[in-house]
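The stops below concern salt bridges.

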Amino acid sequence: MVNGSEVVHGYPHLDTARAAITALYRRLSPDGMTQYATSVPPADVTFGDLDDLHLGAQRVAHALVQHLRLPEARMIVSFREMDHAASVELTAGPEYFIELNDRFRTHRRDIGAALAHEITHVLLHRLGLEFPGARDNEILTDTVTTYLGAGWLLLDAFREDELTSQKLGYLTPEEFGYVLAKRALAFGEDPSPWFTSPQAYRAYTAGRARALRDGQQPPLVAAGWSGRHRYAKERRYARERRGAPAAGVPYAFERGRGDDLRVSFPCPTCHQRVRVPVRGRVRARCALCRTILECDT
């Protein structure tokens with residue numbers, strides 16, 4: 001939890017967030033992902049200043065448990081002084097104990113965001129999905145929270161002005177916007193009306209622009225002229241065996257059977273590597289998320 005200190009911006013954790021999306025598709029399958037096609041609605045997680053603190057926290061926790069499809073998981077929410085925003089005790093259940101920072105007693109509008117992250121920890125624990133290292137595991141949790149439809153709360157908790165700042169989670173605001181936009185593109189959902197924070201909306205807009213660029217990289221047909229021109233040059237070099245593509249491009253050429261040339265690139269939906277033959281217009285299907293990709297190889 002960043003409170004009053006400088007908020008980090010940009011995309012320093014983007015590779016880990018993309019790896020988290022891939023891992024989530026592998027664990028849940030495309031059919032499993034469709035169960036989360038609708039985000040948790042604001043009405044279910046809104047916390048008013050006049051709501052009873054503990055009863056309201058229990059109500060929001062229950063809504064998030066239902067949204068994340070956790071079976072028979074009861075969340076016991078308490079408040080205490082602590083350095084972090086929240087913590088959860090991961091046990092076999094059926095009860096889970098969540099502690100929230102005392103600050104949320106007077107900042108109740110963000111209780112849903114803190115609970116969303118902690119309850120996703122419970123989901124990941126039950127799924128047996130984790131990354132090595134505490135930092136990457138927290139980024140995984142933020143990414144999964146967002147991609148499964150509860151993380152817009154975390155982005156909406158971001159507020160910043162000349163004197164103060166607040167941000168929850170480990171992803172930067174723009175990275176939250178990126179993952180949220182990837183979800184929106186996958187499920188045809190527009191989260192922008194839910195933001196109450198102008199800074200969160202701007203971060204979502206920036207992240208969405210970055211997410212759209214994933215679908216505009218060669219060899220996808222939506223790639224722009226400059227990208228296509230560079231791809232053609234790299235393809236010629238590959239055919240002449242003049243080394244690998246230059247650094248910074250998402251695709252790579254490789255030899256198939258015989259002397260056939262193939263190109264691999266990340267799926268713009270799940271970031272699994274897709275391999276297709278280099279032979280002009282090709283329609284490919286990602287083996288992981290089943291997205292149909294129009295390519296010009």
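Select D102 and R105: their side chains form a salt bridge, with the closest N and O atoms 2.7 Å apart. The model is predicted. D102 is partly exposed, at 24% relative accessibility, and R105 is also in the partly exposed class, at 35%.

Next, select D296 and R228. This salt bridge has its closest N and O atoms 3.6 Å apart. The two residues come from distant parts of the chain: D296 sits in strand β11 and R228 in helix α9 (residues 225–239), 68 residues apart. Are the two partners buried or exposed? D296 has 27% relative accessibility and counts as partly exposed. R228 has 18%, so it counts as buried, the cut-off being under 20%.

Now go to D31 and R290, whose side chains meet in a salt bridge at 3.1 Å, N to O. What does this pair tie together? D31 belongs to helix α1 (residues 14–33), while R290 is in the loop between β10 (281–285) and β11 (292–296), so the contact joins parts that are 259 residues apart in sequence. Colour the two by accessibility: D31 is partly exposed at 49%, and R290 is partly exposed at 39%.

For the last stop, select R18, K182 and D214 together. Salt bridges link these three residues in a network.

To place these stops in context, search the whole structure for such contacts: the total is 13 salt bridges.

Definitions and conventions:
Residues are numbered from 1 along each chain as its sequence is written. This is a predicted model: local features need pLDDT of at least 70, side-chain atom pairs count only at pLDDT 80 or more; totals for chains, interfaces and linings use all residues. Side-chain values use heavy atoms; hydrogens and water are left out. A salt bridge is a side-chain nitrogen of Lys or Arg within 4 Å of a carboxyl oxygen of Asp or Glu. Helices (H or I, at least four residues) and strands (E, at least two) are DSSP runs, numbered from the N terminus. Buried means under 20% relative accessible area, exposed over 50%, partly exposed in between (1.4 Å probe, protein chains only).
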